[in-house]
Amino acid sequence: MSLRDRIRARLVDDWRDLRKRWSVQLTGMAVAAQATWALVPSEARLLLPRPEAIGLVLGALALVATLFKQGENEDGE
């Protein structure tokens, strides 16, 4: 069995539709927020009282979103 076949055997059936899921989108926003925060000048960082909460909240929402049906494939259609 080739490496490609082994990888495909482990992927979820609807891996191409993952971008449509809330949990994936929220995780992407959390990563983008953290990456953007690294580019913000230190003077501007002082304007936000608790900026680390943005990434934590988005990450927590992504975890909660995994509990719910997210897309057409999961409701039997």
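Guide: Among contacts (heavy atoms within 4.5 Å) between residues at least 6 apart in sequence, 61% join residues at least 24 apart. This is a predicted model, where local features need pLDDT of at least 70, side-chain atom pairs count only at pLDDT 80 or more, and totals for chains, interfaces and linings use all residues. Residues are numbered from 1 along each chain as its sequence is written, and side-chain values use heavy atoms, with hydrogens and water left out.

The protein has four helices and zero strands; these are DSSP runs numbered from the N terminus, with H or I over at least four residues for helices and E over at least two for strands. Now to our pair: the axes of α2 (residues 22–39) and α4 (residues 52–65) come within 8 Å and cross at roughly 165°. Those axes are lines fitted to C-alpha atoms over the stretch in contact, with angles from 0 to 180 degrees between N-to-C directions. That makes α2 roughly antiparallel to α4, a label for angles over 145 degrees.

Who does the touching? On α2, the residues include W22, L26 and A30, and on α4 they include I54, L58 and A62. Leaving aside neighbours within four places in sequence, A30 is in contact with G55, L58 and G59.

L26, A30, L58, A62 and A65 also make up the largest nonpolar core, meaning buried Ala, Val, Leu, Ile, Met, Phe, Trp, Tyr and Cys residues joined through side-chain atoms within 4.5 Å. Buried means under 20% relative accessible area, with a 1.4 Å probe and protein chains only. The largest share of this core, three residues, comes from α4.

Methods:
Parallel < 35°, antiparallel > 145°, perpendicular 65-115°, else oblique. Buried < 20%, exposed > 50% of the residue type's maximum accessible area, 1.4 Å probe, protein only.
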